[in-house]
Amino acid sequence: MNSAENIQNEKKYNKWIVILSVVVPLAVAALFGVKLKDLGIKVEPLTFLPSIYATINGCTAIVLLLALWAIKKGNRRLHERLMKFAILLSVVFLLLYIAYHMTSDSTKFGGEGVIAYVYYLILITHILLSIVVIPFVLITYVRAISNNFERHKKIARITFPLWLYVAVTGVIVYLMISPYYV
């Protein structure tokens, strides 16, 4: 497949990239405010989930680093499998995150002073970049499955550090707020 065919193949996915890049953050924001108990659905708060989805974030970071190592060693097949696994982990994280917030009240950070500023700086950058990284991941993935590896590598150099930052800061946010879970 030549370069023009690769780009044409990518374009088939552009509509889905745009849709998912808009719908996912909007759906998360909307569902964040929905409490199942307010809808008359009796469900126990899923208070055990934050530690699980923080662990998933940590695993995602490790998988991303392993995928980088695999491609640097020339093992494209292992890299591909690890990246698909990282995407799956991110989807599972998202589903658990939504489930937690639909069944449980948000936890307020109880730290004061400098640590509060540090926490909110990490939290805000984590949230913003978790939105920004969605189209980057999707575009990077589409370029790979379209066999457009030169363009894939170019955007992966941006996607990788963004995604890794989101995964690592997800763990940090959890560790910082975990003493305040009720």
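Student: Which residues of α4 are buried?
Tutor: This is a predicted model, and in it the buried residues of α4 are Ala116, Tyr119, Ile122, Leu123, His126, Val133, Ile134, Val137, Thr140, Val142 and Arg143.

Student: Where does α4 bend?
Tutor: The bend is at valine 133, by about 30°. Proline 135 follows within four residues. Valine 133 is also among the buried residues of α4.

Student: What span does α4 reach, and what is expected?
Tutor: Helix α4 covers residues 114-145, which is 32 residues. From first C-alpha to last it reaches 45 Å, close to the expected 46 Å.

Student: What comes just after α4?
Tutor: Asparagine 147, which takes a positive phi of about 60°.

Student: Now α3. How many residues does α3 have?
Tutor: It has 28, residues 76-103. Its ends are 41 Å apart, C-alpha to C-alpha, close to the 40 Å expected. Its buried residues include Leu82, Leu89, Phe93 and Tyr100.

Student: Zooming out, how many helices and strands are there in the chain?
Tutor: There are 5 helices and 0 strands. The C-alpha trace spans about 55 × 35 × 25 Å along its principal axes.

Student: And how much of the chain is buried?
Tutor: Of its 182 residues, 34% count as buried. The chain exposes about 11,100 Å², with carbon and sulfur atoms supplying 70% of that area.

Student: Last one: how many positive and negative side chains are there?
Tutor: There are 18 positive and 8 negative. The centres of the two sets lie 10 Å apart.

How values were computed. Residues are numbered from 1 along each chain as its sequence is written. This is a predicted model: local features need pLDDT of at least 70, side-chain atom pairs count only at pLDDT 80 or more; totals for chains, interfaces and linings use all residues. Side-chain values use heavy atoms; hydrogens and water are left out. Helices (H or I, at least four residues) and strands (E, at least two) are DSSP runs, numbered from the N terminus. Buried means under 20% relative accessible area, exposed over 50%, partly exposed in between (1.4 Å probe, protein chains only). Accessible areas come from the Shrake-Rupley method with a 1.4 Å probe; for residues, only the protein chains shown count as cover. Lys and Arg count as positive and Asp and Glu as negative; His and the chain ends are not counted. The place of a charge is taken as NZ of Lys, CZ of Arg, CG of Asp or CD of Glu. The expected span of a helix is 1.5 Å times one less than its number of residues. The bend at a residue is the angle between axes fitted to the seven residues ending there and the seven starting there.
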